[in-house]
Amino acid sequence: MIFVKFKIPLFYKFILTLLIGVIISILMIKPAFTQQPVTLKVLVQALESTQWQPIINSFHQTHPKIRLEVVKAPNNSNLVEDLYTSAYLLGDSPYDLVYMDVVWVQKFAAAGWLEDLTKKVDPQKLTDYIQGDVQGGKYQNKLYRMPFRTDVGMLYYRTDLLEKAGLKPPKTFQDLLTTSQTLQDQNLAQWGYVWQGKQYEGLAAMFTEILQGYGGFWVNPETQAIGLDAPESIEAVKFLRQTIKQGISPPGVTTYAEEETRRLFESGNTVFLRNWPYVYALASNSPIAGKYGIQPMVHLPGKQSGACLGGWGFGISKSSKHQREAWQVIQYFNQPDIQRQYFLETGYVPSRKSLFTDDTLVAKYNYLPALLQGAENAVLRPPIPQYAQVSDILQRYLSAALTGSKTPEAAMKEAARETRTLLNINE
Ligand code: GLC
């Protein structure tokens, strides 16, 4: 065999090496340049999803490699919960982040749908959050939800109307009825009191407050006692029925959620409203601007005022392939400046305690320090994995009692029995 030996000149050798080097670097660097940003999905109630837009815009600017895609859900908490639940039951959830009502955590964590966030958070940093909110985010002592915004049920009242009638804001259930009736009789208002009476999660939240004001309870997670058929519960239902029977609340109240009651109160013909703090900010752009106050819920003489702890926060789906990016989103939303801005723009109360005493915020909303006190003493709805079912039972029977298809006694007896059966509790 004859071997022909080519001698490559040194110059060409140099060019060849350079070329190979360039090709290799292009091959290595290209993916990094052309890599698509990671898209994270989260399902959020329609109303709030629009309000998130400014935060999302600024997040996208500072995090060009992450896109946050918000899928719109209905506004009722339990309907959003149903959608997340079906997504998880069908297999890998398409949602990387879970924007969670405080009452979903136990069920979602027990089902294994959520990533444990305990190690990601310095326990010292958690002390800046409302403690009930942190507690509500835990399951078996592990943290599954970072609080973002807090809700506390409050009573709104019309300062101008009470002044005209020479009356003070009510303290007890009876004061609320009497004051309402007096103002209605004087034609100062069409309705005395509006509250959430529709069959949905808001009904259960509102009822928790009336129940506490009567000295009753729903489910005691420690003793497993069920208080729904106790005399205090029946009295609490009777109070709500009385407001309808006496014409203090409109008959349609049994179909109202938060937004319907807010609009009615803002239209100017109602003296009292039970709602969350977001109404305080929104009502300042309504016909009743400057004419309302906010205070803790009324109660029975000698009993405590009841405030239900609501609120929303973030979890990460265990099935998400983008755990690191999802955590970056949570950290971004939870910065004090973002929570402050969000509160100023929307009226949704932050979950960081330090913001309740922030000078700019208190100057705009002087009720904040009092609200913090309310939030710290607020009561969680039963923190148990079966909460969605327990709440559904209460909603069904309460609704039957409020619309008059069952007596309060019969309705609450059945609600208690069904709850005990569900939780395997012997009477
Ligand atoms: C608010 C509260 C939430 C509650 C819901 C009921 O969104 O933050 O905790 O479950 O109202 O309608």
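This is a predicted model: local features need pLDDT of at least 70, side-chain atom pairs count only at pLDDT 80 or more; totals for chains, interfaces and linings use all residues.
The ligand sits in the largest pocket. Two elements, α10 (201-213) and β11 (309-316), each give two or more residues to the shell around the ligand, and β11 gives the most, with three residues. At the level of domains, the ligand lies between domain 1 (38-151 + 310-377) and domain 2 (154-308 + 385-423), because both of them give residues to the shell around it.

The residues around the ligand are Asp 101, Asp 151, Tyr 200, Glu 201, Gly 202, Glu 258, Trp 276, Gly 310, Gly 311, Trp 312 and Arg 381. By residue class, this shell divides into five charged, three polar and three nonpolar residues.

Which atoms of Asp 151, Trp 276 and Gly 311 lie at the distances below from an oxygen atom of the ligand? The table sets out these contacts.

| Residue | Protein atom | Distance to a ligand oxygen atom |
|---|---|---|
| Asp 151 | polar side-chain atom | 2.5 Å |
| Trp 276 | polar side-chain atom | 3.1 Å |
| Gly 311 | backbone N or O atom | 2.9 Å |

Of the 310 Å² of accessible area that the ligand has on its own, the protein covers 93%.

Key
Residues are numbered from 1 along each chain as its sequence is written. Side-chain values use heavy atoms; hydrogens and water are left out. A residue is near a molecule or strand if one of its heavy atoms lies within 4 Å of it. A polar contact is a pair of N or O atoms within 3.5 Å; within protein, one must be able to donate a hydrogen and the other to accept it, and residues adjacent in sequence count only if both atoms are side-chain atoms. Accessible areas come from the Shrake-Rupley method with a 1.4 Å probe; for residues, only the protein chains shown count as cover. On a 1 Å grid over the protein atoms alone, a cavity is a set of points where a 1.4 Å probe fits but cannot get out, and a pocket is an open set with protein on both sides within 12 Å along at least five of seven lines; lining residues have an atom within 4 Å of a point. A molecule sits in a cavity or pocket if more than half of its atoms lie within 2 Å of its grid points. Helices (H or I, at least four residues) and strands (E, at least two) are DSSP runs, numbered from the N terminus. Ala, Val, Leu, Ile, Met, Phe, Trp, Tyr, Cys and Pro count as nonpolar, Asp, Glu, Lys and Arg as charged, and the others, Gly among them, as polar. Domain bounds come from an automatic or database domain assignment.
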